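This note sets out points for a colleague who is reading the structure alongside the sequence. Please keep both in view while working through the numbered paragraphs.

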Amino acid sequence: MHAVIKSTPGPGFIVADVAEPTPAPGEVVLEVEAASVCGTDVHLYDWNRWAAERVHPPRVVGHEMCGRVAALGPDVDGVQIGDRVAVETHLVCGHCPECLRGDFHVCANTRILGVDVDGAFAEYVAVPRRNLWPVVPGLAPELAALMEPFGNAVHACSAGRLRGQVVAVFGCGPIGCAAVAIARAENAARVVAVDPNRYRLELAERMGADALVAAGDDLEPAVTRAAGGPLDCALEMSGAPPAVVASVRLVRPGGWISVLGIGDAATTLDVGRDVVMKGLTLFGVVGRRMFSTWEQTTAYLSGPIDPAPLLTHRFALDEVDGAMELIKSGRCGKVVLLPDGRAGH
Ligand SMILES: [Zn+2]
Ligand SMILES: [Zn+2]
């Protein structure tokens with residue numbers, strides 16, 4: 001089968017033919033219908049320090065996906081050949097202390113699809129049956145692939161009240177833009193979108209942002225002006241140190257912040273002044289809660305939110321280099337790869 005592969009420890013991917021996977025006990029093999037590209041895939045492509053320390057080539061990359069069940073391994077039930085499913089991409093152990101207390105999203109032994117095991121930028125992929133989630137009825141496969149990253153935004157938005165609140169979203173990539181849509185759907189009083197990139201701000205506006213701030217030197221006064229005063233809540237999706245600092249400075253005493261973005265550099269905060277004395281709640285967001293986040297995601301995408309504007313470009317598997325260059329240009333929302341070549345950008 002055709003697959004996108006990190007073949008050697010270094011930058012780039014190749015597209016090559018590899019053997020189709022067979023399902024181990026407890027696994028199914030999915031025929032991939034659509035797989036969206038994540039920032040993690042860009043790190044793998046660039047072979048940054050995180051990738052070099054974590055990944056052992058050769059590896060089929062890619063994780064965000066929708067597909068149809070094509071084969072069942074031993075000891076699999078509750079799913080039929082042909083079922084269309086999305087996939088929770090964190091493969092957890094089920095027996096560490098975090099798993100035992102139900103916090104599967106922070107399992108110490110997490111393996112990530114397309115990072116630690118062969119992934120979804122391929123015609124077929126093997127995944128544990130327990131990682132399957134039914135696709136929202138009527139949702140196209142290329143949009144169902146977005147359920148996984150959309151779930152990150154759902155998880156971030158679940159940490160506090162949004163209704164009637166003044167909310168700022170720092171970082172308007174696809175997850176930030178999904179958070180804008182969720183805050184809008186939850187009847188936030190005002191949603192301010194912050195990003196240095198014009199293209200992304202326009203996408204945030206389409207998803208329901210009331211005010212746009214082109215992040216620059218005067219970040220804090222610009223956000224305050226756009227918000228009309230202090231923030232009740234910040235959703236930090238950028239990982240950029242100035243945005244993290246601005247979020248704790250601008251949220252009112254007693255407010256809350258979800259922190260999802262991971263920056264290249266460490267952020268220095270005045271915790272005593274800006275967190276303790278203000279009584280802020282900081283909520284770290286990793287992955288999705290299994291599977292309450294998926295349940296909430298299904299509810300949002302079953303009517304209240306149309307994710308279609310988040311998906312801006314389609315490529316065939318063979319065109320993965322073009323997809324990576326486009327993403328690095330910043331002039332796109334979500335990009336999907338279509339294994340059967342129904343691309344057309
Ligand atoms: Zn991802
Ligand atoms: Zn575990």
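1. Cys38 has a relative accessible area of 17%, so this residue counts as buried, the cut-off for that class being under 20%. His63, with a relative accessible area of 5%, is likewise classed as buried. It should be kept in mind that this is a predicted model.

2. Which atoms of the protein are donors of the zinc ion (ligand 1)? They are SG of Cys38 and NE2 of His63, and their distances from the ion are 2.0 to 2.4 Å. The pair joins distant parts of the chain, 25 residues apart. Cys38 belongs to the loop between strand E3 (27–36) and helix H1 (39–46), whereas His63 belongs to the loop between strand E4 (59–60) and strand E5 (64–72).

3. Strand E5 also takes part in strand pairing. Three bridges join E5 to strand E6 (residues 84–87) in the antiparallel sense, and Arg68 has Arg84 of E6 as its bridge partner. E6 is in turn paired with strand E10 (residues 132–134), again antiparallel and over three bridges. Here Val85 stands opposite Pro134 of E10. As background, strands of a sheet pair through backbone hydrogen bonds, in either a parallel or an antiparallel manner.

4. Val127 is a residue of strand E9 (residues 124–128). Is Val127 buried or exposed? Its relative accessibility is 0%, and Val127 therefore counts as buried. Leaving aside neighbours within four places in sequence, the residues in contact with Val127 are Glu27, Val28, Leu30, Val87, Leu113 and Leu132. By contrast, Cys332 is 205 residues from Val127 in sequence, and their C-alpha atoms are 29 Å apart in space.

5. An open sheet is formed by six strands, and their order is E13-E12-E11-E14-E15-E16, with parallel pairing. Strand E13 (211–214) and strand E16 (281–284) are the edge strands, each of them pairing on one side only. From one strand to the next, the twist averages 15°. Helix H7 (residues 198–206) packs on this sheet and touches strand E12 (190–195) and E13, and the direction of H7 makes about 165° with that of E13.

6. Within the sheet, strand E14 (residues 231–236) and strand E15 (residues 251–259) run parallel and are joined by five bridges. One pair to locate is Ala234 and its bridge partner in E15, Ile257. Helix H9 (residues 241–250) lies across strand E11 (166–170), E14, E15 and E16, and runs at about 150° to E15.

7. Arg252 is a residue of strand E15. With a relative accessibility of 28%, Arg252 is partly exposed. Not counting residues up to four places away in sequence, Arg252 touches Gln165, Pro230, Leu231, Asp232, Lys278 and Leu280. Pro196 and Arg252 are 56 residues apart along the chain, with 24 Å between their C-alpha atoms.

8. One of the residues touched by Arg252 is Gln165, which is located in the loop between H5 and E11. Gln165 has 6% relative accessibility and so counts as buried. Its contacts, leaving aside neighbours within four places in sequence, are Ala188, Ala189, Arg190, Asp232 and Arg252.

9. For helix H5 (residues 147–157) and helix H6 (residues 174–185), the axes come within 8 Å and cross at roughly 55°. H5 is therefore oblique to H6, and the crossing of the two helices is right-handed. On the H5 side, the contact involves Pro149, Phe150, Asn152, Ala153, Val154 and Cys157, which meet Ile175, Ala178, Ala179 and Ile182 of H6.

10. How is H5 placed relative to helix H11 (residues 292–301)? The two pack at an angle of about 105°, and their axes are 9 Å apart. H5 is therefore roughly perpendicular to H11. The contact is formed by Met147, Glu148, Phe150, Gly151, Val154 and His155 of H5, together with Thr293, Trp294, Gln296, Thr297, Thr298, Tyr300 and Leu301 of H11. Phe150 and Val154 of H5 are named in this contact and also in the contact with H6.

Conventions. Residues numbered from 1 in each chain as written. Chains lettered and ligands numbered in written order. Predicted model: local features only at pLDDT ≥ 70, side-chain atom pairs only at ≥ 80, totals over all residues. Heavy atoms only, no water. Pairing = 2+ DSSP bridges. Helix = DSSP H or I, 4+ residues; strand = E, 2+ residues; numbered from the N terminus. Axes fitted to C-alpha atoms, helices over the stretch in contact; angles between N-to-C directions. Contact = heavy atoms within 4.5 Å. Donors = N, O, S within 2.8 Å, 3.2 Å for Na, K, Ca; no water. Buried < 20%, exposed > 50% of the residue type's maximum accessible area, 1.4 Å probe, protein only. Parallel < 35°, antiparallel > 145°, perpendicular 65-115°, else oblique. Left-handed = near helix turned anticlockwise from the far one by under 90°.
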